Amino acid sequence: MMLLLLGLALVEALSAPIPRFEERAALKEDVRNMFHHAYDNYMKYAFPHDELKPLSLSYTDSLEELGNLKLERLSETYSGSALTLVESLSSLAVMKNSSEFEKGVLWLAENLSFDVDVRVNVFECNIRLLGGLISAHFLAKDSRKQLMSNGYNDQLLMLAEDLGLRLLPAFDTPTGIPYAWINLKTGVHPNETTETSTSGCGSLVLEMGALSRLTGNPQFENLALRALRKLWSMRSELNLLGTNLDINTGRWTEYSSGIGAGIDSFYEYLVKAYILFGGEEYWDMFQDAYRAVQQHYRYGSWYHDADMRTGKATYWQFTSLQAFWPGLQVLIGDIAAANATHREFLRLWEMFGIFPERYLLDAGKVHPTERYYPLRPELAESTFFLYQATKDPWYLDVGKKIMNSINVFSRVPGGFASVRDVMTMKLEDHQHSFFLSETCKYLYLLFDDSFLDGENHVFSTEGHLFPVNQSWQQQPRPKILSRLRLFSRQKPIDTSALASKTCPRLSRGSVESACHIPDTRADHRCVSRSDCGVDATTCAKRSCSFAGYCS
Ligand code: DMJ
(Lines give C-alpha, C1' and ligand atoms only; values in the text may rest on other atoms or scores of the structure.)
Protein backbone atom coordinates (compact mmCIF):
# COMPACT_ATOMS: atom_id res chain seq x y z
CA MET A 1 0.00 0.00 0.00
CA MET A 2 2.81 2.34 1.02
CA LEU A 3 4.58 1.63 -2.25
CA LEU A 4 1.38 2.25 -4.23
CA LEU A 5 0.91 5.62 -2.51
CA LEU A 6 4.52 6.53 -3.19
CA GLY A 7 4.06 5.48 -6.81
CA LEU A 8 0.94 7.62 -7.21
CA ALA A 9 2.67 10.58 -5.58
CA LEU A 10 5.58 10.13 -7.96
CA VAL A 11 3.31 10.05 -11.03
CA GLU A 12 1.53 13.16 -9.82
CA ALA A 13 4.83 14.93 -9.14
CA LEU A 14 6.35 14.11 -12.50
CA SER A 15 3.47 14.39 -14.95
CA ALA A 16 2.80 18.12 -14.80
CA PRO A 17 2.47 19.79 -18.23
CA ILE A 18 4.83 22.54 -19.39
CA PRO A 19 3.85 25.75 -17.56
CA ARG A 20 2.80 28.64 -19.81
CA PHE A 21 4.17 32.09 -19.35
CA GLU A 22 1.18 33.21 -17.25
CA GLU A 23 1.69 30.35 -14.84
CA ARG A 24 5.10 31.59 -13.82
CA ALA A 25 3.62 34.10 -11.42
CA ALA A 26 1.69 31.35 -9.65
CA LEU A 27 4.72 29.06 -9.55
CA LYS A 28 6.83 31.85 -8.11
CA GLU A 29 4.28 32.20 -5.32
CA ASP A 30 4.44 28.45 -4.73
CA VAL A 31 8.21 28.68 -4.25
CA ARG A 32 7.83 31.69 -1.98
CA ASN A 33 5.40 29.65 0.07
CA MET A 34 7.90 26.77 0.26
CA PHE A 35 10.67 29.10 1.34
CA HIS A 36 8.50 30.66 4.03
CA HIS A 37 7.34 27.30 5.29
CA ALA A 38 11.02 26.44 5.82
CA TYR A 39 12.04 29.87 7.11
CA ASP A 40 9.09 30.55 9.41
CA ASN A 41 9.43 27.15 11.06
CA TYR A 42 13.16 27.71 11.51
CA MET A 43 12.46 31.08 13.13
CA LYS A 44 9.79 29.57 15.35
CA TYR A 45 11.49 26.40 16.53
CA ALA A 46 15.23 26.75 15.92
CA PHE A 47 16.45 30.36 15.69
CA PRO A 48 19.05 31.48 16.79
CA HIS A 49 20.48 27.98 16.61
CA ASP A 50 21.93 26.75 13.34
CA GLU A 51 19.39 24.52 11.64
CA LEU A 52 15.84 23.28 12.10
CA LYS A 53 14.82 19.75 13.00
CA PRO A 54 11.45 19.78 11.27
CA LEU A 55 10.11 16.48 12.61
CA SER A 56 10.81 17.03 16.29
CA LEU A 57 10.26 20.81 16.00
CA SER A 58 13.61 21.51 17.57
CA TYR A 59 17.08 22.62 16.50
CA THR A 60 20.62 21.51 15.88
CA ASP A 61 23.79 23.56 16.31
CA SER A 62 25.16 21.91 13.27
CA LEU A 63 27.89 24.32 12.16
CA GLU A 64 30.35 22.22 14.16
CA GLU A 65 28.95 19.01 12.64
CA LEU A 66 29.23 20.02 8.97
CA GLY A 67 31.80 17.72 7.38
CA ASN A 68 32.54 16.27 10.84
CA LEU A 69 31.41 12.75 10.05
CA LYS A 70 32.74 11.19 13.25
CA LEU A 71 31.44 14.13 15.32
CA GLU A 72 34.87 14.73 16.82
CA ARG A 73 35.79 17.46 19.34
CA LEU A 74 32.28 18.83 19.75
CA SER A 75 32.02 21.95 21.88
CA GLU A 76 30.31 21.96 25.24
CA THR A 77 29.40 25.60 25.06
CA TYR A 78 28.52 26.33 21.43
CA SER A 79 24.89 27.31 21.00
CA GLY A 80 24.62 28.25 17.34
CA SER A 81 25.39 31.13 14.98
CA ALA A 82 21.92 31.61 13.49
CA LEU A 83 23.31 29.83 10.44
CA THR A 84 19.98 29.40 8.67
CA LEU A 85 19.16 33.09 9.13
CA VAL A 86 22.52 34.12 7.66
CA GLU A 87 21.94 31.73 4.76
CA SER A 88 18.40 33.06 4.20
CA LEU A 89 19.21 36.75 3.86
CA SER A 90 20.12 36.77 0.17
CA SER A 91 17.02 34.69 -0.61
CA LEU A 92 14.82 37.08 1.35
CA ALA A 93 16.28 39.89 -0.76
CA VAL A 94 15.67 38.02 -4.02
CA MET A 95 12.07 37.44 -2.94
CA LYS A 96 11.87 41.14 -2.11
CA ASN A 97 10.95 40.59 1.53
CA SER A 98 12.72 43.71 2.75
CA SER A 99 11.15 43.81 6.22
CA GLU A 100 12.35 40.33 7.15
CA PHE A 101 15.74 41.03 5.55
CA GLU A 102 16.17 44.19 7.61
CA LYS A 103 15.02 42.48 10.79
CA GLY A 104 17.56 39.72 10.22
CA VAL A 105 20.42 42.12 9.51
CA LEU A 106 19.69 44.14 12.65
CA TRP A 107 19.46 41.05 14.82
CA LEU A 108 22.79 39.73 13.54
CA ALA A 109 24.43 43.12 13.98
CA GLU A 110 23.32 43.20 17.61
CA ASN A 111 23.79 39.59 18.63
CA LEU A 112 26.10 37.54 16.45
CA SER A 113 29.58 36.88 17.79
CA PHE A 114 32.25 34.56 16.48
CA ASP A 115 34.23 34.67 19.70
CA VAL A 116 33.07 31.17 20.51
CA ASP A 117 34.88 27.99 21.44
CA VAL A 118 33.84 25.87 18.49
CA ARG A 119 35.76 23.80 15.93
CA VAL A 120 34.42 24.45 12.44
CA ASN A 121 35.14 23.31 8.93
CA VAL A 122 36.93 26.16 7.14
CA PHE A 123 35.22 25.48 3.79
CA GLU A 124 31.71 25.20 5.23
CA CYS A 125 32.22 28.26 7.39
CA ASN A 126 33.54 30.17 4.39
CA ILE A 127 30.76 29.35 1.94
CA ARG A 128 27.84 29.49 4.37
CA LEU A 129 28.63 32.09 7.01
CA LEU A 130 31.26 34.29 5.40
CA GLY A 131 29.60 34.13 1.97
CA GLY A 132 26.16 34.72 3.46
CA LEU A 133 27.34 37.77 5.40
CA ILE A 134 29.27 39.29 2.49
CA SER A 135 26.40 38.79 0.07
CA ALA A 136 23.91 40.30 2.52
CA HIS A 137 26.31 43.20 3.03
CA PHE A 138 26.33 43.92 -0.71
CA LEU A 139 22.55 43.79 -0.76
CA ALA A 140 22.06 45.93 2.34
CA LYS A 141 24.52 48.51 1.07
CA ASP A 142 22.84 48.88 -2.33
CA SER A 143 20.33 51.67 -1.81
CA ARG A 144 18.59 50.83 -5.13
CA LYS A 145 17.42 47.58 -3.57
CA GLN A 146 15.66 49.47 -0.74
CA LEU A 147 16.18 46.69 1.77
CA MET A 148 17.18 48.79 4.78
CA SER A 149 14.64 51.46 5.69
CA ASN A 150 16.80 53.01 8.41
CA GLY A 151 20.18 52.95 6.70
CA TYR A 152 22.97 50.48 7.07
CA ASN A 153 26.38 50.92 8.71
CA ASP A 154 28.44 48.01 7.37
CA GLN A 155 27.71 45.87 10.44
CA LEU A 156 27.65 42.65 8.38
CA LEU A 157 30.98 43.49 6.81
CA MET A 158 32.47 43.95 10.28
CA LEU A 159 31.16 40.54 11.28
CA ALA A 160 32.55 39.04 8.07
CA GLU A 161 35.95 40.61 8.68
CA ASP A 162 36.03 39.28 12.22
CA LEU A 163 35.15 35.80 10.98
CA GLY A 164 37.69 36.04 8.15
CA LEU A 165 40.46 36.97 10.58
CA ARG A 166 39.57 33.98 12.75
CA LEU A 167 39.96 31.67 9.74
CA LEU A 168 43.39 33.01 8.73
CA PRO A 169 45.54 30.91 11.14
CA ALA A 170 44.36 27.84 9.20
CA PHE A 171 46.57 28.97 6.30
CA ASP A 172 49.73 28.85 8.39
CA THR A 173 51.02 25.53 7.00
CA PRO A 174 54.19 24.47 5.17
CA THR A 175 52.34 24.35 1.84
CA GLY A 176 50.05 27.33 2.35
CA ILE A 177 47.11 24.97 1.89
CA PRO A 178 44.83 25.56 4.86
CA TYR A 179 43.83 23.11 7.55
CA ALA A 180 40.30 21.86 7.02
CA TRP A 181 39.38 22.65 10.64
CA ILE A 182 39.85 25.54 13.00
CA ASN A 183 38.51 26.59 16.38
CA LEU A 184 37.03 30.09 16.06
CA LYS A 185 38.31 31.10 19.49
CA THR A 186 41.54 29.19 19.96
CA GLY A 187 42.82 28.58 16.42
CA VAL A 188 44.19 25.32 15.04
CA HIS A 189 44.38 22.47 17.57
CA PRO A 190 47.97 21.06 17.92
CA ASN A 191 46.76 17.58 16.95
CA GLU A 192 44.49 18.70 14.16
CA THR A 193 44.13 16.43 11.14
CA THR A 194 46.32 17.42 8.21
CA GLU A 195 44.01 15.93 5.61
CA THR A 196 41.77 18.12 3.48
CA SER A 197 39.78 17.86 0.26
CA THR A 198 40.32 19.61 -3.05
CA SER A 199 37.01 21.47 -2.87
CA GLY A 200 37.69 22.29 0.78
CA CYS A 201 40.93 24.14 0.11
CA GLY A 202 40.41 25.09 -3.54
CA SER A 203 37.18 27.02 -3.31
CA LEU A 204 37.77 29.83 -0.86
CA VAL A 205 38.82 32.58 -3.19
CA LEU A 206 35.45 34.12 -4.04
CA GLU A 207 34.52 34.95 -0.46
CA MET A 208 38.10 35.70 0.65
CA GLY A 209 38.73 37.82 -2.45
CA ALA A 210 35.54 39.80 -1.94
CA LEU A 211 36.43 40.31 1.72
CA SER A 212 39.84 41.69 0.76
CA ARG A 213 38.37 44.05 -1.81
CA LEU A 214 35.75 45.26 0.67
CA THR A 215 38.03 45.72 3.68
CA GLY A 216 41.24 46.74 1.93
CA ASN A 217 43.07 43.91 3.73
CA PRO A 218 44.78 41.90 0.96
CA GLN A 219 45.63 38.97 3.26
CA PHE A 220 42.40 37.05 2.73
CA GLU A 221 42.65 36.99 -1.05
CA ASN A 222 46.42 36.46 -1.09
CA LEU A 223 46.22 33.42 1.16
CA ALA A 224 43.29 31.85 -0.67
CA LEU A 225 45.01 32.40 -4.01
CA ARG A 226 48.32 31.05 -2.74
CA ALA A 227 46.53 27.87 -1.62
CA LEU A 228 44.81 27.57 -4.98
CA ARG A 229 48.08 28.01 -6.88
CA LYS A 230 49.76 25.38 -4.74
CA LEU A 231 46.86 23.00 -5.32
CA TRP A 232 47.03 23.57 -9.07
CA SER A 233 50.79 22.92 -9.00
CA MET A 234 49.98 19.47 -7.61
CA ARG A 235 48.04 18.46 -10.75
CA SER A 236 49.18 15.44 -12.70
CA GLU A 237 50.63 15.53 -16.20
CA LEU A 238 47.08 14.95 -17.40
CA ASN A 239 45.99 18.16 -15.65
CA LEU A 240 43.88 16.13 -13.22
CA LEU A 241 43.68 16.55 -9.44
CA GLY A 242 42.90 14.06 -6.71
CA THR A 243 40.21 14.40 -4.05
CA ASN A 244 42.15 14.40 -0.76
CA LEU A 245 45.60 15.63 0.20
CA ASP A 246 47.88 16.32 3.12
CA ILE A 247 48.39 20.00 3.87
CA ASN A 248 51.86 19.50 5.39
CA THR A 249 53.46 17.33 2.75
CA GLY A 250 51.47 18.52 -0.25
CA ARG A 251 50.94 14.89 -1.27
CA TRP A 252 47.73 13.37 -2.49
CA THR A 253 46.02 10.88 -0.19
CA GLU A 254 43.27 10.03 -2.68
CA TYR A 255 44.15 9.92 -6.36
CA SER A 256 40.71 9.04 -7.62
CA SER A 257 38.60 12.01 -8.57
CA GLY A 258 35.79 13.27 -10.77
CA ILE A 259 33.51 16.31 -10.93
CA GLY A 260 31.36 15.59 -7.86
CA ALA A 261 31.87 15.24 -4.12
CA GLY A 262 35.24 16.47 -2.86
CA ILE A 263 36.19 18.53 -5.92
CA ASP A 264 33.06 20.12 -7.47
CA SER A 265 33.43 23.73 -6.35
CA PHE A 266 37.15 23.81 -7.21
CA TYR A 267 36.16 23.92 -10.90
CA GLU A 268 33.28 26.26 -10.16
CA TYR A 269 35.46 28.85 -8.41
CA LEU A 270 38.02 29.03 -11.21
CA VAL A 271 35.31 30.27 -13.56
CA LYS A 272 33.54 32.43 -11.03
CA ALA A 273 36.76 34.05 -9.77
CA TYR A 274 37.60 34.86 -13.39
CA ILE A 275 34.20 36.52 -13.84
CA LEU A 276 34.39 38.41 -10.54
CA PHE A 277 38.04 39.42 -10.44
CA GLY A 278 39.13 39.18 -14.08
CA GLY A 279 42.73 38.34 -14.97
CA GLU A 280 43.69 35.43 -17.16
CA GLU A 281 45.18 33.18 -14.48
CA TYR A 282 41.89 31.68 -13.29
CA TRP A 283 40.67 31.26 -16.85
CA ASP A 284 43.89 29.58 -17.98
CA MET A 285 43.72 27.13 -15.08
CA PHE A 286 40.07 26.44 -15.80
CA GLN A 287 40.57 25.77 -19.49
CA ASP A 288 43.26 23.18 -18.82
CA ALA A 289 41.21 21.62 -16.01
CA TYR A 290 38.01 21.57 -18.10
CA ARG A 291 39.69 19.99 -21.10
CA ALA A 292 41.15 17.30 -18.85
CA VAL A 293 37.74 16.58 -17.34
CA GLN A 294 36.15 16.28 -20.76
CA GLN A 295 38.95 14.04 -21.95
CA HIS A 296 39.26 11.69 -18.97
CA TYR A 297 36.02 11.70 -16.99
CA ARG A 298 33.32 12.13 -19.61
CA TYR A 299 31.50 9.12 -20.96
CA GLY A 300 28.77 10.23 -23.36
CA SER A 301 26.93 12.82 -21.33
CA TRP A 302 27.84 11.19 -17.99
CA TYR A 303 30.97 11.57 -15.91
CA HIS A 304 32.82 8.82 -14.07
CA ASP A 305 35.75 9.05 -11.63
CA ALA A 306 39.31 8.30 -12.70
CA ASP A 307 42.82 8.07 -11.30
CA MET A 308 44.50 11.45 -11.70
CA ARG A 309 47.82 9.79 -12.62
CA THR A 310 46.62 7.51 -15.40
CA GLY A 311 43.21 8.79 -16.39
CA LYS A 312 41.91 5.23 -15.97
CA ALA A 313 38.32 4.94 -14.77
CA THR A 314 37.98 4.09 -11.08
CA TYR A 315 34.34 4.44 -10.04
CA TRP A 316 31.43 4.54 -12.43
CA GLN A 317 29.15 6.57 -10.24
CA PHE A 318 26.88 9.57 -10.21
CA THR A 319 27.05 11.68 -7.05
CA SER A 320 24.26 14.18 -6.65
CA LEU A 321 26.72 17.10 -6.36
CA GLN A 322 27.67 16.42 -10.01
CA ALA A 323 24.38 18.00 -11.03
CA PHE A 324 25.93 21.48 -10.69
CA TRP A 325 28.10 20.75 -13.74
CA PRO A 326 25.61 21.72 -16.49
CA GLY A 327 25.15 25.09 -14.73
CA LEU A 328 28.89 25.62 -14.89
CA GLN A 329 28.91 24.66 -18.56
CA VAL A 330 26.30 27.33 -19.23
CA LEU A 331 28.60 29.93 -17.69
CA ILE A 332 31.34 29.07 -20.16
CA GLY A 333 28.95 28.88 -23.10
CA ASP A 334 29.01 25.09 -23.56
CA ILE A 335 25.23 25.04 -23.77
CA ALA A 336 24.77 21.95 -25.92
CA ALA A 337 26.88 19.82 -23.58
CA ALA A 338 25.08 21.31 -20.57
CA ASN A 339 21.71 20.46 -22.02
CA ALA A 340 22.69 16.87 -22.84
CA THR A 341 24.08 16.16 -19.37
CA HIS A 342 21.17 17.90 -17.64
CA ARG A 343 18.73 15.65 -19.53
CA GLU A 344 20.59 12.52 -18.41
CA PHE A 345 20.64 13.67 -14.80
CA LEU A 346 16.96 14.52 -14.98
CA ARG A 347 16.21 10.94 -16.11
CA LEU A 348 17.82 9.73 -12.90
CA TRP A 349 15.81 12.22 -10.86
CA GLU A 350 12.64 10.99 -12.55
CA MET A 351 13.52 7.37 -11.84
CA PHE A 352 13.31 8.01 -8.08
CA GLY A 353 11.40 11.30 -7.92
CA ILE A 354 14.49 12.86 -6.31
CA PHE A 355 18.24 12.17 -6.42
CA PRO A 356 19.98 9.44 -4.47
CA GLU A 357 23.25 10.79 -3.05
CA ARG A 358 25.23 8.20 -4.99
CA TYR A 359 24.12 6.01 -7.87
CA LEU A 360 26.30 3.23 -9.24
CA LEU A 361 26.23 3.62 -13.00
CA ASP A 362 27.82 0.26 -13.76
CA ALA A 363 25.57 -1.75 -11.44
CA GLY A 364 22.53 0.36 -12.27
CA LYS A 365 21.54 0.75 -8.64
CA VAL A 366 21.61 3.09 -5.69
CA HIS A 367 24.71 2.92 -3.47
CA PRO A 368 23.99 0.64 -0.49
CA THR A 369 24.58 3.29 2.17
CA GLU A 370 24.36 6.67 0.41
CA ARG A 371 20.69 6.61 -0.41
CA TYR A 372 19.70 9.99 1.00
CA TYR A 373 18.52 13.26 -0.54
CA PRO A 374 19.16 16.20 1.81
CA LEU A 375 17.17 18.69 -0.34
CA ARG A 376 20.21 19.54 -2.43
CA PRO A 377 19.97 22.38 -4.95
CA GLU A 378 22.21 21.27 -7.82
CA LEU A 379 19.56 20.15 -10.32
CA ALA A 380 17.48 23.29 -9.72
CA GLU A 381 20.66 25.35 -10.10
CA SER A 382 21.53 23.86 -13.50
CA THR A 383 17.92 24.15 -14.61
CA PHE A 384 17.94 27.86 -13.72
CA PHE A 385 21.16 28.48 -15.65
CA LEU A 386 19.91 26.57 -18.69
CA TYR A 387 16.67 28.52 -18.68
CA GLN A 388 18.59 31.80 -18.46
CA ALA A 389 20.67 30.74 -21.45
CA THR A 390 17.96 29.33 -23.68
CA LYS A 391 14.62 30.70 -22.47
CA ASP A 392 13.23 27.30 -23.41
CA PRO A 393 10.01 26.89 -21.37
CA TRP A 394 10.77 23.19 -21.03
CA TYR A 395 13.13 24.12 -18.19
CA LEU A 396 10.24 25.77 -16.38
CA ASP A 397 8.50 22.43 -16.48
CA VAL A 398 11.60 20.82 -14.99
CA GLY A 399 11.58 23.41 -12.21
CA LYS A 400 7.94 22.63 -11.55
CA LYS A 401 8.72 18.91 -11.33
CA ILE A 402 11.55 19.51 -8.87
CA MET A 403 9.30 21.68 -6.75
CA ASN A 404 6.44 19.17 -6.82
CA SER A 405 8.74 16.30 -5.85
CA ILE A 406 10.15 18.19 -2.89
CA ASN A 407 6.68 19.14 -1.72
CA VAL A 408 5.36 15.61 -2.11
CA PHE A 409 8.24 13.80 -0.46
CA SER A 410 9.72 16.10 2.12
CA ARG A 411 7.24 18.76 3.21
CA VAL A 412 6.07 18.16 6.78
CA PRO A 413 4.08 20.47 9.08
CA GLY A 414 7.32 21.67 10.73
CA GLY A 415 9.29 22.52 7.57
CA PHE A 416 11.10 20.40 4.97
CA ALA A 417 12.75 17.19 6.11
CA SER A 418 15.64 15.56 4.29
CA VAL A 419 14.95 12.17 2.73
CA ARG A 420 16.98 9.45 4.41
CA ASP A 421 16.41 6.76 1.81
CA VAL A 422 15.12 7.37 -1.70
CA MET A 423 13.91 3.74 -1.92
CA THR A 424 11.52 4.06 1.01
CA MET A 425 11.21 7.87 1.22
CA LYS A 426 11.78 7.61 4.95
CA LEU A 427 12.56 11.07 6.32
CA GLU A 428 15.36 12.46 8.42
CA ASP A 429 14.93 15.14 11.09
CA HIS A 430 17.08 17.80 9.43
CA GLN A 431 16.43 20.88 7.28
CA HIS A 432 19.79 21.94 5.81
CA SER A 433 20.48 25.65 5.51
CA PHE A 434 21.37 25.34 1.80
CA PHE A 435 17.73 24.48 1.13
CA LEU A 436 17.00 28.14 1.90
CA SER A 437 20.09 29.71 0.37
CA GLU A 438 20.13 27.65 -2.81
CA THR A 439 17.30 25.25 -3.59
CA CYS A 440 14.49 27.74 -2.96
CA LYS A 441 16.43 30.64 -4.48
CA TYR A 442 17.18 28.90 -7.79
CA LEU A 443 13.59 27.67 -8.09
CA TYR A 444 12.26 31.15 -7.37
CA LEU A 445 14.61 32.80 -9.88
CA LEU A 446 13.51 30.32 -12.50
CA PHE A 447 10.01 31.76 -12.27
CA ASP A 448 10.91 35.37 -11.50
CA ASP A 449 14.36 36.73 -12.21
CA SER A 450 13.40 40.40 -11.99
CA PHE A 451 15.70 40.84 -8.98
CA LEU A 452 18.68 40.28 -11.27
CA ASP A 453 17.71 43.07 -13.69
CA GLY A 454 20.26 45.70 -14.54
CA GLU A 455 23.30 44.08 -12.93
CA ASN A 456 25.49 41.04 -13.48
CA HIS A 457 25.92 38.67 -10.56
CA VAL A 458 28.02 35.68 -9.65
CA PHE A 459 26.36 33.07 -7.45
CA SER A 460 28.70 31.59 -4.85
CA THR A 461 28.71 27.82 -4.49
CA GLU A 462 26.19 28.31 -1.68
CA GLY A 463 23.90 30.38 -3.92
CA HIS A 464 24.80 33.78 -2.44
CA LEU A 465 24.85 36.70 -4.86
CA PHE A 466 27.98 38.75 -5.47
CA PRO A 467 27.54 41.67 -7.87
CA VAL A 468 30.07 41.87 -10.71
CA ASN A 469 31.88 45.09 -10.03
CA GLN A 470 33.90 46.47 -12.94
CA SER A 471 36.39 48.17 -10.64
CA TRP A 472 37.37 44.75 -9.25
CA GLN A 473 38.41 43.48 -12.65
CA GLN A 474 42.15 43.09 -13.05
CA GLN A 475 43.81 44.77 -15.98
CA PRO A 476 44.38 42.28 -18.80
CA ARG A 477 47.91 41.33 -19.72
CA PRO A 478 49.60 43.52 -22.36
CA LYS A 479 48.37 42.40 -25.77
CA ILE A 480 51.77 41.25 -26.92
CA LEU A 481 52.02 38.85 -23.99
CA SER A 482 48.66 37.24 -24.58
CA ARG A 483 49.58 36.80 -28.28
CA LEU A 484 52.77 35.02 -27.29
CA ARG A 485 50.84 32.73 -24.99
CA LEU A 486 48.39 31.96 -27.73
CA PHE A 487 51.05 31.00 -30.23
CA SER A 488 53.03 28.95 -27.74
CA ARG A 489 50.07 26.77 -26.78
CA GLN A 490 50.79 23.06 -27.01
CA LYS A 491 47.38 22.07 -28.20
CA PRO A 492 45.81 23.66 -31.25
CA ILE A 493 42.91 25.81 -30.22
CA ASP A 494 40.31 23.74 -32.07
CA THR A 495 40.92 20.69 -29.88
CA SER A 496 39.63 22.60 -26.88
CA ALA A 497 36.45 21.33 -25.32
CA LEU A 498 35.48 24.95 -25.25
CA ALA A 499 35.70 25.17 -29.03
CA SER A 500 32.09 24.09 -29.24
CA LYS A 501 30.97 26.93 -27.06
CA THR A 502 27.85 28.49 -28.38
CA CYS A 503 25.84 31.31 -27.05
CA PRO A 504 22.11 31.13 -26.83
CA ARG A 505 20.31 32.92 -29.62
CA LEU A 506 18.62 36.05 -28.42
CA SER A 507 14.95 35.59 -29.13
CA ARG A 508 12.66 38.53 -29.69
CA GLY A 509 12.47 40.78 -26.69
CA SER A 510 14.20 38.29 -24.43
CA VAL A 511 16.86 39.15 -21.91
CA GLU A 512 20.55 38.99 -22.64
CA SER A 513 22.24 35.64 -22.89
CA ALA A 514 24.08 34.14 -19.95
CA CYS A 515 27.55 34.98 -21.24
CA HIS A 516 26.90 38.61 -22.05
CA ILE A 517 28.86 41.17 -20.07
CA PRO A 518 28.08 44.68 -21.34
CA ASP A 519 30.75 47.25 -22.23
CA THR A 520 31.42 49.64 -19.39
CA ARG A 521 30.30 52.61 -21.50
CA ALA A 522 27.03 52.61 -23.36
CA ASP A 523 28.56 54.29 -26.45
CA HIS A 524 30.99 51.35 -26.84
CA ARG A 525 34.00 53.67 -26.72
CA CYS A 526 37.08 52.37 -24.91
CA VAL A 527 40.63 53.15 -23.91
CA SER A 528 41.65 49.56 -23.30
CA ARG A 529 40.16 46.09 -23.52
CA SER A 530 39.08 46.24 -19.92
CA ASP A 531 36.39 48.74 -20.95
CA CYS A 532 34.85 46.11 -23.23
CA GLY A 533 32.64 43.28 -22.08
CA VAL A 534 31.81 39.85 -23.46
CA ASP A 535 29.93 39.53 -26.74
CA ALA A 536 26.42 38.14 -26.40
CA THR A 537 26.45 35.96 -29.50
CA THR A 538 29.98 34.57 -29.55
CA CYS A 539 30.79 34.63 -25.83
CA ALA A 540 34.18 36.08 -26.81
CA LYS A 541 35.77 38.88 -24.82
CA ARG A 542 35.49 42.03 -26.94
CA SER A 543 38.62 43.97 -27.78
CA CYS A 544 39.30 47.66 -28.09
CA SER A 545 40.09 48.86 -31.62
CA PHE A 546 42.77 51.41 -32.49
CA ALA A 547 39.98 53.90 -33.11
CA GLY A 548 38.80 53.40 -29.51
CA TYR A 549 35.68 51.29 -30.12
CA CYS A 550 34.78 47.96 -28.53
CA SER A 551 34.62 45.42 -31.31
C1 DMJ B 1 26.24 23.31 -0.71
O2 DMJ B 1 26.64 23.52 0.60
C3 DMJ B 1 27.23 23.87 -1.67
O4 DMJ B 1 26.64 23.91 -2.92
C5 DMJ B 1 28.51 23.07 -1.71
O6 DMJ B 1 29.40 23.53 -2.70
C7 DMJ B 1 28.26 21.62 -1.94
N8 DMJ B 1 26.88 21.28 -1.88
C9 DMJ B 1 26.01 21.82 -0.92
C10 DMJ B 1 24.58 21.59 -1.31
O11 DMJ B 1 24.36 20.40 -1.92
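Glu124 and Arg128 sit four residues apart in helix α5, so about one helical turn separates them. The two form a salt bridge, and their closest N and O atoms are 2.9 Å apart. What's a salt bridge here? It is a side-chain nitrogen of Lys or Arg within 4 Å of a carboxyl oxygen of Asp or Glu. Side chains of opposite charge can pair when their charged atoms come close.

A quick word on the model: it is predicted, so local features need pLDDT of at least 70 and side-chain atom pairs count only at pLDDT 80 or more, while totals for chains, interfaces and linings use all residues. Residues are numbered from 1 along each chain as its sequence is written, and side-chain values use heavy atoms, leaving out hydrogens and water.

Back to Arg128, which has another partner, Glu51. Glu51 belongs to strand β1 (residues 51–53) and Arg128 to helix α5 (residues 122–141), so this pair ties together parts 77 residues apart in sequence. Helices (H or I, at least four residues) and strands (E, at least two) are DSSP runs, numbered from the N terminus.

| Salt bridge | Closest N and O atoms |
|---|---|
| Glu51 and Arg128 | 3.6 Å |
| Glu124 and Arg128 | 2.9 Å |

Shared partners join Glu51, Glu124, Arg128 and Glu462 into one network of salt bridges. The protein's count comes to 30 salt bridges.

Are these residues buried or exposed? Buried means under 20% relative accessible area, exposed means over 50%, and partly exposed is in between (1.4 Å probe, protein chains only). Glu51 is buried at 0%, Arg128 is buried at 4%, and Glu124 is buried at 14%. Glu455, at 22%, counts as partly exposed.

Glu462 from that network also turns up beside the ligand, where one of its polar side-chain atoms lies 2.6 Å from a ligand oxygen. Arg376 has a side-chain N or O atom 2.7 Å from an oxygen of the ligand, and for Glu378 the distance is 2.8 Å. These are polar contacts, meaning pairs of N or O atoms within 3.5 Å; within protein, one must be able to donate a hydrogen and the other to accept it, and residues adjacent in sequence count only if both atoms are side-chain atoms.

Zooming out, the protein has 17 helices and 20 strands, and buried residues make up 60% of its 551 residues.
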